[in-house]
Amino acid sequence: WLRLTRTQGAPWHGSSMRNRVKSLFRRPRTRSARIALWIVAGLALFYVVYVAGAAVFLNGGGMEWATKNEKDVHVVVGGGHSFFPGFVHVEDLRIRFKDYNIEMEIAADEADAFIALWKLPFMKIHVSWIRAHGAEYRMVHRVEDREANAARLAAFPDIPGFDRPLYYDTPPPPPTSGKLWKVQFDSIDADVRLAWVLEYQLRGTLKARGSFFLDPNEVATIHPCTVDVRDATITVGKERIARDVHGLLGTSIDSFYPPESPIDVVAPKITARIEKFHAYLETLSFLRLYLPPDPLTLEGEGNLDADAKMTLGRIDAGSKVALDLKPFTLRSAESHATGQARLALEGAADGRFETRVDATFPERKDNAIAVEKLAAMVGFDHDNLTNVEMRRASVDARDVRFTRPDFFRDAFGKSTAYPVSGALDAQAEIELPREGEGKVDAKL
């Protein structure tokens, strides 16, 4: 440009203009200028090759090809581009992982990330940060008894790519000496529309943040993660069980050894919190997945509220979870009892927590039971949720009237004894200390 403009007032036409344009492409006169030109040309060529290569790799199934022979990690990318080494935009992202106990999938419609490309030849996927949109998370934990958990398994997410059943069919494999892909995400910020964990599907507006590290041969760590839930629903299978779900969920899991870490080993390493959580529970039908077949069923709907924290598998003091069921129904084949109930869990000091049930059933013609007051409490001591011991219990029942004897026959068998008329008051307390004899006080 200086050569073109160095002559003041020079005409911009004819041979003068052509000479000035040619001077731009004249071979540099100095060695340093030629070296600089070669460097610029080399960088330009590298950039073109990188952009083209990244496009081919991301749009031609390169990530899927790179992990196709891996047993525990699969990465699939539907398309994308990268205009600077490490900075990547991908579409239709799928990251799948499994160990002996769990399987999980992280998916996103599109994501922007910075990837340490120089670590890929060493079989490590290291993502410094990722911002994802339209994300989905799926996770399953294999079960022991296939038949007893058949209904639950039918509601588990389907995670393709791993050819094995969702129940334990073989003993744990011996630790492998082969090198496996490591996965490290330092910062995740995702707009999530689905979190499907075991049989529960949380759908709605979710904002997830967190990080994790996984080395299948050595260690797995879930660093503090949070999910801000807004206007969501919970379904089990095809049935919606809760709506108006909102609150803040957080968790972290201390380092554990993936090949040999069943749930009872991992649970004491879990720290979790629930803040200002609310959901309107529309049905109790999902309880059938966990209760044995019985003529007596539970029905109800109501508000679920929680503010609770668990540290290393232990419920903290001050934690509160409450479910208010209005109405609440106990139903047998031929009769029922309808009232209202409150179920609560409260954490106390020194590893203690209590569960409480308060219920009333009004006296009316179609009710099999009338109860003015029913208050029951069961207290537990625990080191973590895999080591829970009942230590105390109490029941206080006032003005209990039995109006439909067939309710007990349907629920508990034809030989069940039952009162035909009159009212019953009952109080009972049970103490089960760690040492020494227990104590039972009862009054009818």
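## Arg 94 and its surroundings

Arg 94 touches His 74, Val 75, Val 76, Glu 105, Ile 106, Ala 107 and Ala 108, not counting residues up to four places away in sequence; contact means heavy atoms within 4.5 Å. This is a predicted model, in which local features need pLDDT of at least 70 and side-chain atom pairs count only at pLDDT 80 or more, while totals for chains, interfaces and linings use all residues. Residues are numbered from 1 along each chain as its sequence is written, and side-chain values use heavy atoms, with hydrogens and water left out.

Arg 94 is found in strand β2. Helices (H or I, at least four residues) and strands (E, at least two) are DSSP runs, numbered from the N terminus. With a relative accessible area of 22%, Arg 94 is partly exposed; buried means under 20% relative accessible area, exposed over 50%, and partly exposed in between (1.4 Å probe, protein chains only). The side chain of Arg 94 makes a polar contact with the side chain of Asp 92 at 3.2 Å. A polar contact is a pair of N or O atoms within 3.5 Å; within protein, one must be able to donate a hydrogen and the other to accept it, and residues adjacent in sequence count only if both atoms are side-chain atoms. Between the C-alpha atoms of Arg 94 and Glu 136, which are 42 residues apart along the chain, the separation is 9.4 Å.

## The chain as a whole

The chain has seven helices and 18 strands. Of its 444 residues, 40% are buried. Among contacts with a separation of 6 or more, 56% are between residues 24 or more positions apart. The chain exposes about 25600 Å², and carbon and sulfur atoms supply 58% of this area; accessible areas come from the Shrake-Rupley method with a 1.4 Å probe, and for residues only the protein chains shown count as cover.

## Nonpolar cores and a surface patch

The largest nonpolar core has 68 residues, of which Val 75, Leu 202 and Val 245 touch the most other members. Strand β4 (residues 124–141) gives the most to this core, with six residues. Apart from it lies another core, of five residues, including Val 140, Val 143, Leu 153 and Phe 156. A nonpolar core is a set of buried Ala, Val, Leu, Ile, Met, Phe, Trp, Tyr and Cys residues joined through side-chain atoms within 4.5 Å. Leaving aside neighbours within four places in sequence, Val 245 is in contact with Leu 202, Val 229, Arg 230, Asp 231, Ala 232, Thr 233, Ile 234, Phe 277, His 278 and Ala 279.

On the surface, Ile 35, Ile 39 and Leu 43 form a nonpolar patch, with about 290 Å² of accessible area together. Patches are made of residues with over 30% relative accessible area and no salt bridge: like charges are joined within 9 Å, nonpolar side chains (Val, Leu, Ile, Met, Phe, Trp, Tyr) within 5 Å. Leu 43 is in helix α3 (residues 31–59) and counts as exposed at 56% relative accessibility.

## Salt bridges

The structure holds 28 salt bridges, each a side-chain nitrogen of Lys or Arg within 4 Å of a carboxyl oxygen of Asp or Glu. One of them joins Glu 199 and Arg 152, with the closest N and O atoms 2.9 Å apart. Glu 199 lies in the loop between β5 (182–197) and β6 (200–215) and Arg 152 in helix α5 (residues 150–155), so the pair ties together parts that are 47 residues apart in sequence. Both Glu 199 and Arg 152 are buried.

Glu 299 forms a salt bridge with Arg 331, the closest N and O atoms being 2.9 Å apart. This pair links distant parts of the chain, with Glu 299 in strand β10 (residues 297–311) and Arg 331 in strand β12 (residues 320–331), 32 residues apart. Salt bridges that share partners join Arg 96, Glu 105, Asp 109, Glu 136, Arg 138 and Arg 193 into one network. The side chains of Arg 243 and Asp 244 also meet in a salt bridge (2.7 Å, N to O). Arg 243 is partly exposed, with a relative accessible area of 30%, and Asp 244 is partly exposed at 36%.

Asn 101 sits in the loop between β2 (87–98) and β3 (102–115). At 3% relative accessibility, Asn 101 counts as buried. The side chains of Asn 101 and Tyr 168 make a polar contact at 2.7 Å.

Val 265 lies in helix α6 (residues 263–266) and counts as partly exposed at 34% relative accessibility. The C-alpha atoms of Val 265 and Thr 386 are separated by 8.7 Å, with the two residues 121 residues apart along the chain.
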